[in-house]
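Here are my notebook entries from a first look at this one. I went through it step by step, so do follow along.

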Amino acid sequence: MDHKSLFLRKFLYDEGVDPDLRRLIHTVAVGGKYISSLLNAANRKMAGTRNASAEDQLEVDKQADIILQDMITALDYVAEYASEEQETVIKTGNQHGKFSVSVDPLDGSSLIDVNLAVGTIVGIHPVEELIDSGRHMLAALYILYGPLTTLVFTTGNGVHEFVLSPEGEFVLSQKDIKVKPKGKIYSPGGLRSEWTDAHRQYIDDLVETDYKLRYSGGLVPDFNQIIMKGGGLFSYPALKENPEGKLRLLFELYPLAFLCEQAGGMATNGIENILDLKLEKIHQRAPIYIGSKQEVEKAKEYIKTES
Ligand code: F6P
C-alpha cells in the first residue's frame, strides 16, 4: 500500500489496520510521550533540582505502569492488561474487549540514573490467547527513550520506525526495516561465569570471528541496535543456576521476537522459536538468541551440543 502520510495515526490507517487496533497503538504512543516526560523529570532530578518530597515519589517504572494501565484499560475494546510490574492479569470487564495487552512499562530502569537509554515493550494479543504462545500476536512495539524517542512497531506487515518530533507527533523515519542475514555485532547478556560451556564457546567463536561487542545492559536499545545497524546477535542465555535465563517471555521476548521475524530475523531459546514457546504463567522466563538468521542458527548448533 502506498503511504501518503508520515504520521503514525494516518500511517496505520493507510496500512488498513483494524480501527480498534489502530486506536490502541496510538494510545500506547501517547503513553510513551508521558513516560518520556517522566524520564526527563527523573533526569533533572539527577541534575540537582530534586524537590524535598522527591524521595516519596514512586519509582519511575511504577509510574510508567500506572500511566499505561490507566490509558489502556480505559479503552472498551481492551479486555486484559498484563504488566511486568504486577503479579496478576487485570481484567477490565469491558464488554467489547477483544484485545489482551502485555506491557513492560520501563525495561532497563536501573539504567536511568546513569542516563542510558531505556524502553517500553508492548505486545497485543487476541483476547483468549494471552496465556498461549506468541504466534497469534496482532501487534508488537517498543518505544525507545534515548537521545530521541522512537517507536518501532509491527502489525504483521513489516517493521516501521517513528520518531517523536519536537511538536509531539510520531513521524515515520524508517519503513520496512530489514535485519541483514548476517551481522557484525554481538550483545551478550548475563555474567560470563554463569554461562554454560556451550554458550561461552559460542560467544568466544563470535569474538574470534571479529564481531564487535555492543552491550548497554538495556534490552530495548541493545536489540534496537541489532536490527537498525546491520544485524548481529543479542543473547541472554540459560544460566548454570537459572536454566530459564532472566528475560520474560510474555513481556519482553514475544514482542521482540515478533518484530524480529517481521524484519526477516529470527529468535530462539536455543531449541525452539521464541514465538512457539508455550506460556504457562505470565512471569515465565526463557533464554533468548535473537537477531540475524545466520547467528541465531549457529547458536542452535552450539546449544544442541549441550543436550
Ligand atoms: O530485563 C531487565 C534488563 O535490564 C534488560 O533490559 C537487559 O537486557 C538485562 O536485564 C540485562 O541483564 P544483565 O545485567 O544480567 O546482563
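I started with Gly190 and found one of its backbone N or O atoms 3.1 Å from an oxygen atom of the ligand. I count a polar contact as a pair of N or O atoms within 3.5 Å.

This is a predicted model, so I kept in mind that local features need pLDDT of at least 70 and side-chain atom pairs pLDDT 80 or more, while totals for chains, interfaces and linings use all residues. Residues are numbered from 1 along each chain as its sequence is written, and side-chain values use heavy atoms, with hydrogens and water left out.

Next I looked up two side chains. Tyr236 has a polar side-chain atom 2.6 Å from a ligand oxygen atom, and for Lys246 I noted 2.8 Å from a polar side-chain atom to an oxygen atom of the ligand. The protein buries 77% of the 410 Å² that the ligand exposes when taken alone (accessible areas by the Shrake-Rupley method, 1.4 Å probe).

Last, I turned to the whole chain. An automatic or database assignment divides the protein chain into domain 1 (3-174) and domain 2 (185-306). Their centres, taken over C-alpha atoms, are 23 Å apart. In their contact (heavy atoms within 4.5 Å) I found 43 residues from domain 1 and 31 residues from domain 2.

Terms used: A polar contact is a pair of N or O atoms within 3.5 Å; within protein, one must be able to donate a hydrogen and the other to accept it, and residues adjacent in sequence count only if both atoms are side-chain atoms.
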